[in-house]
Amino acid sequence: AAGCSTERAASSESPSDDGEVKIGLVTKTETNPYFVKLRESAQAAADKSGADLIALAGKFDGDNAGQVTAIENLVQQGVDGILITPSNAKAILDAIQEAKDAGVVVIALDTETEPRDAVAATFATDNEEAGRTLGKYIDARLGDRDPKVLMADLDPSSSVGLQRHNGFLDGMGLTDDSDAILGTALTQGDQGKAQAAMENLLQRVGKKVNVVYNINEPAARGSYLALKARGLADDVLIGAIDGSCSGVQDVADGKFAATVMQFPQKMAEQGVAAVVKYAETGEKPSGFVDTGDMLITDKPVDGLESKDSTWGAENCWG
Amino acid sequence: MERRFSQTPALGPTAALLLAIVVFSVGSDTFLNIDNFSFIVQQSVVIATLALGQTIIILTGGIDLANALIAVLGTLVMTRTTLDGVPVVAALALGVLVCALTASVSGLLVAKLRLPSFIVTLGMLTVVTAVANLYSSGTTWPAPDGLLTLMGMKLYLFGRVQFTIGMLFAAALFVLVWVTLTRTAWGRHVYAIGNDAEAARLNGINVKRMLLSVYALAGCIYAMAAWLSLGRTPSADPNAYQLGNLESITAVVIGGTSLFGGRGGVVGTVVGALIVSVLRSGLTQMGIDSNYQNLATGILVIVAVAFDQFTRRRSA
Amino acid sequence: MERRFSQTPALGPTAALLLAIVVFSVGSDTFLNIDNFSFIVQQSVVIATLALGQTIIILTGGIDLANALIAVLGTLVMTRTTLDGVPVVAALALGVLVCALTASVSGLLVAKLRLPSFIVTLGMLTVVTAVANLYSSGTTWPAPDGLLTLMGMKLYLFGRVQFTIGMLFAAALFVLVWVTLTRTAWGRHVYAIGNDAEAARLNGINVKRMLLSVYALAGCIYAMAAWLSLGRTPSADPNAYQLGNLESITAVVIGGTSLFGGRGGVVGTVVGALIVSVLRSGLTQMGIDSNYQNLATGILVIVAVAFDQFTRRRSA
Amino acid sequence: MSTASTRDPAEPAPVLSARGLRKRYGQVTAIDGADFDLYPGEVLAVVGDNGAGKSSLIKALTGALVPDAGTVALDGRSVSFTSPADAREAGIETVYQTLALAPAMDIASNLFLGREIRRDGLLGRLRMLDRRAMREEAARQLDALGIATVQDITQLVETLSGGQRQAVAVARAAMFGSKVVIMDEPTAALGVRETRHVLDLIKRISARGLPVVLISHDMPAVFEVADRIHVHRLGRRAGTVRPGEVSMSDVVAFITGAEDVPD
Amino acid sequence: MSTASTRDPAEPAPVLSARGLRKRYGQVTAIDGADFDLYPGEVLAVVGDNGAGKSSLIKALTGALVPDAGTVALDGRSVSFTSPADAREAGIETVYQTLALAPAMDIASNLFLGREIRRDGLLGRLRMLDRRAMREEAARQLDALGIATVQDITQLVETLSGGQRQAVAVARAAMFGSKVVIMDEPTAALGVRETRHVLDLIKRISARGLPVVLISHDMPAVFEVADRIHVHRLGRRAGTVRPGEVSMSDVVAFITGAEDVPD
Ligand SMILES: Nc1ncnc2c1ncn2[C@@H]1O[C@H](COP(=O)(O)OP(=O)(O)OP(=O)(O)O)[C@@H](O)[C@H]1O
Ligand SMILES: Nc1ncnc2c1ncn2[C@@H]1O[C@H](COP(=O)(O)OP(=O)(O)OP(=O)(O)O)[C@@H](O)[C@H]1O
Ligand SMILES: [Mg+2]
Ligand SMILES: [Mg+2]
């Protein structure tokens, strides 16, 4: 390890990166609008503070090997800090440790590592809490009607998907075994897949359904199209999590009952600022910083903090 | 009987399709119902159209791993240019052009440099994915209502039976390609190249130009799949149809077209695409989880091909 | 010179690898450095090992689209049984068994029913993915330290040059497979089957048994890739290596092995896997974002194959 | 042989000729400065050892391979075919040693491959094929040529025996040849009776006034049908002889190089 | 023919024989109750029309196809080969019509395909090949057989001319045959000189006391080397004759069915 730092010292003396702060960003994938927003915000923040940003990503959700590779290559490149949204928090701990040994500060964005203190600091929303918020809201909207729920999940093995799913059920006061759950589908968060899956589920359960939970807004849009084709769109509460601008628009249009907004810009800005500060002063950030979530709906219920779609449109991402 | 099987290769898959429909109709009381069939067709239209282009390429002995991503790029071009104020017709034309050109790049490499299409299109898959990400800035673009989403427009027969314009359009496209493949010299040359490219060349067929035209036509068909997809899910998403390449190949192969080229046709491909959708729908009606559905689909693919091979071998 | 190119097909790719190294060494001041090379090797080990199994199958004229998912299933079996209290050695053995059996199912279908391996393994890919999701209950399982993650253990040469046990293990595995392919009758029969399966059969080679043994051996190699992967990313994740099949095929093809079978070998495969890692590392050192890296990788795949084809044609 | 008399040897104007053709594959020189002359109405046999370059010579003449050097002339005018389509266009038909058939297509389709008959009128403009016309024409031609009794014109070529396949390839060339017909070992896989048929066919084509080039290792057949024999050796023409003037064993000696070909 | 006298015709004990073989492919009956007898030391020619079922008969005898019905006996004992490996094991070597060579492998590897020489000692136990021994043995055997002057034993088969390839396949059968050697049209693609070599080789194999089965359409060759001629027609043996007792045109008549084969 000592050898590594010598090497780094030698390279950082070269004129090309004279004095410039270098930041590596590693997201789960390239294409999710959420990560794109994260990247854009980080780029903007880096530009503002005169830092260099190299944005890398896994090739798909679950590409742990790709993330480890990205970390190693960034360390080799001589970055001062790495911002990472870990796909699978356990799989990349060794690589993070090595980065730390090489004097690089590592900050988790959006998703926590396990254990949390594997990284210097975490800037994230609590996905389970986001799910719970949505669950509570839907539960309140149902009033004394019995819930009849269809769930458009992500993928069985994604931690984000699991946390949101569990949080939602908890908020609704249900469990996975409840009879109220009429069916679930794996959608990979893909609109087309969600649509086909929901069409088939609706063919089976008919008009009974009154709630459709969605892992994200594209899936919710697919569910909406399937419900609309059956003439059920107005009778069913569609809930989503994400807070993209198009999702907020769908709330404004009355397609979705609500969405739960996350704030990737905040994570990115705070992350970049922390690395820049570390590079300049050597001071490391620490702890878990909840960047918060916000229920966006135009039909607020008592006892649950929410904002309307106008506020949402001003604060949305992507 | 045996003779008939080998002459019209779509009979095996068609039997499998009917069998599946019968089984699900018995096994579930929500399956056998005209609405459900309409949905099944709607669900299979995009993959079936991708598979249509794939079929022509596979008939020449090639394969296209980039087809679905080319269509995704098409949806992005059509949508973004429309949002930028380009007239929709021009945006659609631009989308077709981009798809046709992209596919032609593969065709050029296969035809001129005689590279294996598997690896060319694998490379193109990576390239097109990256381009789609860069062009879309990684986000989803909503398709404005109108001509762009025309294919999703619903029609009702007897006020009851649901159709989409896309279903009719795709059907027309299939008939067109079928006629081209079976009733024109161009179509025969496609088969001849798949049979033996050198023999085709010695018979005065311009193999390079043919291959180029095959990939270009396939590209145009992918563009139609893109348009159909905007009708079904009115947004352009760089993340969509990531498995569309393998799904379209599955439809082609279940439909009885040989991966070695020269044998098969588009009728089987339609049936193959429908089989997969019927299976998904039927298993859902029977209350089976997604994971078990995948299991069943995987097994079905193998069984369908084994069955096809079996009838073929007996008739050989 | 030309003769040499065609006789030892790994020379073309090796030249490409050296060229890439030279370019990046000039273009970036952090690239040319022993630590970085060590990382590059570590980064390519899992895909290279998957590609090793893939090579043997491709040499017989087949292809395996399920290989990476079989390895993923292997990591799950090894990890979950260990967590359930099974002794690690037994857990590893069980993982190897599961991988070998799963691959053998493909082998059986290819050998006995003479189905095209593309479609068999495409079906198996779907099946194994579903099984992996069901078995893992949809979550990732952390691999406990010890024998299971042994492959990730770091060694230092002269207190400076970093090695992992996995690198040494993979190297040994490669030599073993290389010797088997080039120096034993079994290896020759692999090539003979890829050249012309019917000719091999007429020469008294039991093609079915050979194919079965090829897939079984490949399955064992996938299990080794699973173990190596636990060393590198110490958890079993049903979502991992979704592109491992295509990436391993890319390594094989860049390495100069023909997708039609019978030509090529494992030396080229190692070089092919290294080329991809060198490219990723080099482009990152040059500060290029991953979207553009993907673009470059896609183009490289095509260029490498075109270059290989070109040298080959000149020497033909 | 009757046709040979129609040509005035004092005034030779070859239909198809070549000078100084050359083609290398890597280290191997397949054609090494070969000359070639085919005169009107004659049957020219091309004989030579395995690997002498006979097939390569033919391919160079028909555009199937592009020679590295040399010239080809048709009816005295220099031509340079860059693809088999060009030579076909010019009326040169070839039975290649590999037959060049599409196995999964039927006999009729193979006969018309690359020059399908289109429908009349609008449908023809839309490039629709006249499948019936092709089938009928194929059946008629096969009958007329007296070639192998194929039962069903819609049979796939891959279901035919090796001999029947060769017959289809020969029939195709005979049907369409309007200037020159070239056959590369057309009887190699054929039985005695089928060989007889092909030799008779060659005579009939020749009687129609078309010159024929026949490559063969079968000396009795060569001596039966050929007007002239072109001896090919080591990639070039060693010389030409007339069957009446030399014996079979002389020709074998020329082929192996044991004797020189007289001028 | 010298060896024919060593067999006592009064006491025939066939080396290889078959009775009532049958094989159908869909509608086509390739073998239709065929009988077969091969006596010690003789050269047996099998002649017949294209598609008569000669290759299919051979394949049924060598385990390359499993007949639907019928029996095969080797040295009087009934055998049922289910794969070509079985027949090889029993000492029957075959040159198939398709040659059965691996194009991207070198000559030596092809000669030893399926029966590679292992190293001595421990490395041999580890199934290591003795590549040098194979190369040397291959060169020696090719020399000894006087077959085509191959320049380099490590040349890939696909770089050889058609004739050279056929020579490799013939050499392989000649090298390893210990009981019976069967050749299916071994001279079809060969030039005059190469054909001569193969016919001489057949005589030499026969002189070693091994019986040889030769399928050929080349009547002069058949009459030169065969002790007996098996006429195959419509999937079965029409009869056998001796070259000394009939003329070539008689045999052609038997083949086409114009005359019946005398008992
Ligand atoms: N595509 C090719 N690549 C490399 N070498 C070739 C190729 N085609 C032909 N040759 C070589 O050129 C030489 C001439 O081949 P050609 O086929 O013309 O011979 P031929 O006289 O027709 O022989 P045969 O009587 O066996 O048909 C041979 O040595 C052959 O190996
Ligand atoms: N695999 C197969 N599938 C279908 N038909 C076949 C197959 N193999 C042979 N046949 C048919 O069986 C018959 C006998 O074929 P076979 O090859 O034995 O003839 P042959 O006497 O060797 O002819 P040739 O002299 O042309 O080599 C032919 O009609 C042929 O079409
Ligand atoms: Mg030739
Ligand atoms: Mg035969």
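Visitor: In which helix of chain B does B:H189 lie?
Guide: B:H189 lies in helix 8 of chain B. Please keep in mind that this is a predicted model.

Visitor: Is B:H189 buried or exposed?
Guide: B:H189 is buried, because its relative accessible area is 12%, and the cut-off for buried is under 20%.

Visitor: Which residues does B:H189 touch, leaving out those up to four places away in sequence?
Guide: B:H189 touches B:I205 and B:M210 in chain B, and D:L113, D:G114 and D:E116 in chain D.

Visitor: Staying with chain B, which residues form a nonpolar patch on the surface?
Guide: The patch consists of B:L94, B:L97 and B:L101, which together have about 270 Å² of accessible area. B:L97 belongs to helix 5 of chain B, residues 88-112. With 48% relative accessibility, B:L97 counts as partly exposed.

Visitor: Why might residues spaced like that point the same way?
Guide: An α-helix has 3.6 residues a turn, so residues three or four places apart point the same way.

Visitor: Let us turn to the chains. Which pair of chains shares the most contacts?
Guide: Chains A and C do, out of 8 pairs of chains in contact. Their contact takes 37 residues from chain A and 40 residues from chain C. The area buried between chain A and chain C is about 3,400 Å², with carbon and sulfur atoms giving 46% of that area.

Visitor: How many salt bridges are found across the interface of chain A and chain C?
Guide: There are 3 salt bridges across that interface. One salt bridge pairs A:K59 with C:E247, with the closest N and O atoms 2.8 Å apart. A:E98 and C:K154 also meet in a salt bridge, at 2.2 Å from N to O. This pair crosses between chains, from helix 4 of chain A (residues 93-101) to strand 2 of chain C (residues 154-157).

Visitor: How far apart are the closest C-alpha atoms of chain A and chain D?
Guide: They lie 37 Å apart, and no contact joins chain A and chain D. No contact joins chain A and chain E either; their closest C-alpha atoms lie 36 Å apart.

Visitor: Which residue of chain E forms a salt bridge with C:R263?
Guide: E:E158 does, with the closest N and O atoms 2.7 Å apart. C:R263 sits in the loop between helix 11 and helix 12 of chain C, and E:E158 in the loop between helix 5 and helix 6 of chain E, so the pair joins two chains. C:R263 is partly exposed at 32% relative accessible area, and E:E158 is partly exposed at 30%.

Visitor: Where is C:G298 found, and which residues of chain B does C:G298 touch?
Guide: C:G298 is in helix 13 of chain C, residues 290-315. C:G298 touches B:G123, B:T126 and B:V127, residues up to four places away in sequence not being counted. C:G298 is buried, with a relative accessible area of 0%.

Visitor: Finally, what does the domain assignment give for chain D?
Guide: The assignment gives domain 1 (14-91 + 180-194 + 206-262) and domain 2 (92-176). The contact between them takes 25 residues from domain 1 of chain D and 15 residues from domain 2 of chain D. The two domains bury about 1,600 Å² between them, 52% of it on carbon and sulfur atoms.

Visitor: How many salt bridges are counted between domain 1 and domain 2 of chain D?
Guide: The count between these domains is 1 salt bridge. Over all chains, the count comes to 46 salt bridges.

Methods. Residues numbered from 1 in each chain as written. Chains lettered and ligands numbered in written order. Predicted model: local features only at pLDDT ≥ 70, side-chain atom pairs only at ≥ 80, totals over all residues. Heavy atoms only, no water. Patch = residues over 30% accessible without salt bridge, like charges linked within 9 Å, V, L, I, M, F, W, Y side chains within 5 Å. Areas by Shrake-Rupley, 256 points an atom, 1.4 Å probe, with all protein chains shown as cover. Salt bridge = Lys/Arg side-chain N within 4 Å of Asp/Glu carboxyl O. Helix = DSSP H or I, 4+ residues; strand = E, 2+ residues; numbered from the N terminus. Buried < 20%, exposed > 50% of the residue type's maximum accessible area, 1.4 Å probe, protein only. Domains from an automatic or database assignment. Contact = heavy atoms within 4.5 Å. Buried area = accessible area lost by both parts, 1.4 Å probe.
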